[in-house]
Amino acid sequence: MSAAYGECFDPTGARYGIPTFPWKFAPDDEQFATRRQLRARGLRPGGQPIAAQVMRVNRRAGTVRVAYLYRIDRAKPVRPMTSRKWGALALAMLARRTCPNCQVIYSYCMPTSLGMCVLCAYPEPTPKEG
(Lines give C-alpha, C1' and ligand atoms only; values in the text may rest on other atoms or scores of the structure.)
Protein backbone atom coordinates (compact mmCIF):
# COMPACT_ATOMS: atom_id res chain seq x y z
CA MET A 1 0.00 0.00 0.00
CA SER A 2 1.38 3.40 -0.94
CA ALA A 3 1.68 6.24 1.54
CA ALA A 4 -0.87 8.30 -0.39
CA TYR A 5 -3.39 5.46 -0.22
CA GLY A 6 -2.84 5.06 3.52
CA GLU A 7 -3.25 8.78 4.08
CA CYS A 8 -6.58 8.81 2.25
CA PHE A 9 -8.05 5.60 3.69
CA ASP A 10 -10.12 6.30 6.81
CA PRO A 11 -13.45 4.41 6.56
CA THR A 12 -14.30 5.00 10.24
CA GLY A 13 -13.76 8.76 10.12
CA ALA A 14 -11.25 8.80 12.99
CA ARG A 15 -8.77 11.11 11.24
CA TYR A 16 -10.96 13.49 9.21
CA GLY A 17 -14.28 13.28 11.07
CA ILE A 18 -16.13 11.66 8.17
CA PRO A 19 -15.41 8.42 6.30
CA THR A 20 -12.63 9.03 3.77
CA PHE A 21 -11.73 6.81 0.83
CA PRO A 22 -8.95 6.96 -1.77
CA TRP A 23 -9.83 8.07 -5.29
CA LYS A 24 -11.87 5.38 -7.12
CA PHE A 25 -12.17 3.24 -3.96
CA ALA A 26 -15.45 4.54 -2.54
CA PRO A 27 -18.06 1.90 -1.64
CA ASP A 28 -19.79 0.72 -4.78
CA ASP A 29 -23.11 -0.22 -3.20
CA GLU A 30 -25.07 2.74 -4.66
CA GLN A 31 -25.09 4.43 -1.26
CA PHE A 32 -23.09 7.61 -1.94
CA ALA A 33 -22.97 10.08 -4.83
CA THR A 34 -21.33 13.41 -5.60
CA ARG A 35 -23.38 16.52 -6.41
CA ARG A 36 -22.94 15.93 -10.14
CA GLN A 37 -23.99 12.31 -9.85
CA LEU A 38 -27.06 13.34 -7.84
CA ARG A 39 -27.93 15.97 -10.45
CA ALA A 40 -27.67 13.37 -13.24
CA ARG A 41 -30.32 11.36 -11.39
CA GLY A 42 -32.55 14.41 -10.95
CA LEU A 43 -31.71 14.80 -7.25
CA ARG A 44 -30.07 17.38 -4.97
CA PRO A 45 -28.45 17.06 -1.52
CA GLY A 46 -31.38 18.88 0.07
CA GLY A 47 -29.54 20.28 3.10
CA GLN A 48 -28.12 16.98 4.31
CA PRO A 49 -24.61 16.96 5.78
CA ILE A 50 -21.65 15.48 3.90
CA ALA A 51 -21.73 11.72 4.46
CA ALA A 52 -18.23 10.79 3.19
CA GLN A 53 -15.42 12.07 1.04
CA VAL A 54 -13.11 10.78 -1.66
CA MET A 55 -9.56 12.11 -1.46
CA ARG A 56 -6.65 12.17 -3.91
CA VAL A 57 -3.13 13.36 -3.18
CA ASN A 58 -1.19 14.93 -6.02
CA ARG A 59 2.41 14.05 -5.27
CA ARG A 60 3.85 16.46 -7.83
CA ALA A 61 2.08 19.59 -6.64
CA GLY A 62 1.67 18.47 -3.04
CA THR A 63 -2.02 19.30 -3.05
CA VAL A 64 -5.04 17.28 -1.98
CA ARG A 65 -8.26 17.06 -3.99
CA VAL A 66 -11.48 16.17 -2.23
CA ALA A 67 -14.89 15.16 -3.60
CA TYR A 68 -17.72 15.19 -1.09
CA LEU A 69 -20.26 12.37 -1.13
CA TYR A 70 -23.92 12.55 -0.11
CA ARG A 71 -26.35 9.78 0.73
CA ILE A 72 -28.68 8.93 -2.13
CA ASP A 73 -31.54 7.79 0.11
CA ARG A 74 -31.66 11.23 1.82
CA ALA A 75 -31.48 13.24 -1.41
CA LYS A 76 -34.48 15.25 -2.54
CA PRO A 77 -35.78 15.81 -6.07
CA VAL A 78 -34.58 18.88 -7.96
CA ARG A 79 -36.95 21.82 -7.76
CA PRO A 80 -38.62 22.54 -11.12
CA MET A 81 -37.92 25.79 -12.93
CA THR A 82 -40.76 28.28 -12.69
CA SER A 83 -41.76 30.63 -15.49
CA ARG A 84 -40.17 33.56 -13.63
CA LYS A 85 -36.88 31.70 -13.28
CA TRP A 86 -36.92 30.90 -17.01
CA GLY A 87 -37.59 34.59 -17.74
CA ALA A 88 -34.75 35.75 -15.48
CA LEU A 89 -32.39 33.26 -17.11
CA ALA A 90 -33.39 34.47 -20.59
CA LEU A 91 -32.74 38.11 -19.64
CA ALA A 92 -29.37 37.25 -18.12
CA MET A 93 -28.31 35.40 -21.27
CA LEU A 94 -29.52 38.32 -23.42
CA ALA A 95 -27.35 40.68 -21.37
CA ARG A 96 -24.32 38.40 -21.85
CA ARG A 97 -24.88 38.40 -25.63
CA THR A 98 -25.37 42.17 -26.02
CA CYS A 99 -22.30 44.37 -26.59
CA PRO A 100 -22.33 47.34 -24.18
CA ASN A 101 -20.64 49.62 -26.77
CA CYS A 102 -22.52 49.03 -30.01
CA GLN A 103 -25.68 47.39 -28.51
CA VAL A 104 -25.58 44.59 -31.12
CA ILE A 105 -27.01 41.25 -30.00
CA TYR A 106 -24.74 38.38 -31.02
CA SER A 107 -25.43 34.65 -31.08
CA TYR A 108 -22.54 34.05 -28.66
CA CYS A 109 -21.63 35.41 -25.23
CA MET A 110 -19.23 38.35 -25.06
CA PRO A 111 -15.69 37.46 -23.97
CA THR A 112 -15.30 38.54 -20.36
CA SER A 113 -11.65 39.35 -20.99
CA LEU A 114 -12.66 42.06 -23.47
CA GLY A 115 -15.94 43.21 -21.94
CA MET A 116 -17.29 43.96 -25.42
CA CYS A 117 -17.54 42.36 -28.84
CA VAL A 118 -14.41 41.66 -30.84
CA LEU A 119 -15.25 44.31 -33.43
CA CYS A 120 -15.45 47.04 -30.78
CA ALA A 121 -12.35 45.80 -28.95
CA TYR A 122 -10.18 45.65 -32.09
CA PRO A 123 -11.51 48.18 -34.61
CA GLU A 124 -9.86 48.09 -38.01
CA PRO A 125 -7.62 51.09 -38.59
CA THR A 126 -8.82 53.44 -41.31
CA PRO A 127 -6.48 53.71 -44.30
CA LYS A 128 -4.71 57.05 -44.57
CA GLU A 129 -5.42 59.06 -47.67
CA GLY A 130 -2.28 60.14 -49.35
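A word on ground rules. Residues are numbered from 1 along each chain as its sequence is written, and side-chain values use heavy atoms, with hydrogens and water left out. As the model is predicted, local features need pLDDT of at least 70 and side-chain atom pairs count only at pLDDT 80 or more, while totals for chains, interfaces and linings use all residues.

Let's start with the overall layout. The chain is assigned domain 1 (3–77) and domain 2 (83–121), with bounds that come from an automatic or database domain assignment. Their C-alpha centres are 37 Å apart.

Now, the largest pocket. Rolling a probe the size of a water molecule over the atoms shows where empty space is left. Here a pocket is an open set of points on a 1 Å grid over the protein atoms alone, where a 1.4 Å probe fits, with protein on both sides within 12 Å along at least five of seven lines. The largest pocket holds about 350 Å³, a volume being the space filled by probe spheres set on the points, which are joined across faces, edges and corners. It has 19 lining residues, and A26, F32, A33, Q37 and L69 are the closest to its centre; lining residues have an atom within 4 Å of a point. Strand 2 (32–33) and strand 5 (63–71) each give at least two residues to that lining. Strands are DSSP runs of E with at least two residues, helices are runs of H or I with at least four, and both are numbered from the N terminus. By type, the lining has 11 nonpolar, three polar and five charged residues. Nonpolar covers Ala, Val, Leu, Ile, Met, Phe, Trp, Tyr, Cys and Pro, charged covers Asp, Glu, Lys and Arg, and the others, Gly among them, are polar.

Next, two residues that touch each other. Q48 sits in the loop between strand 3 (43–44) and strand 4 (52–58). Is Q48 buried or exposed? It counts as buried, because its relative accessibility is 11%; the cut-offs are under 20% for buried, over 50% for exposed and partly exposed in between, with a 1.4 Å probe and protein chains only. Its side chain reaches the backbone oxygen of P45 at 3.3 Å. Leaving out residues up to four places away in sequence, Q48 touches Y70, R71, R74 and A75, where contact means heavy atoms within 4.5 Å.

A75 itself is in the loop between strand 5 and strand 6 (76–77), and is buried at 15%. The C-alpha atoms of A75 and L38 are 7.8 Å apart, although 37 residues separate them along the chain.

Over to the loop between helix 3 (83–97) and helix 4 (118–121), where we find T98. T98 is buried at 18%, and a polar atom of its side chain lies 2.7 Å from the backbone oxygen of L94. Beyond four places in sequence, T98 contacts Q103, V104, I105 and M110.

Two of those partners deserve a look. M110 lies in that loop too and is buried at 11%, whereas Q103 is exposed at 54%. Most residues other than glycine have a negative phi. Q103 has a positive one, near 60 degrees.

Thanks, happy to take questions!

Notes
A polar contact is a pair of N or O atoms within 3.5 Å; within protein, one must be able to donate a hydrogen and the other to accept it, and residues adjacent in sequence count only if both atoms are side-chain atoms.
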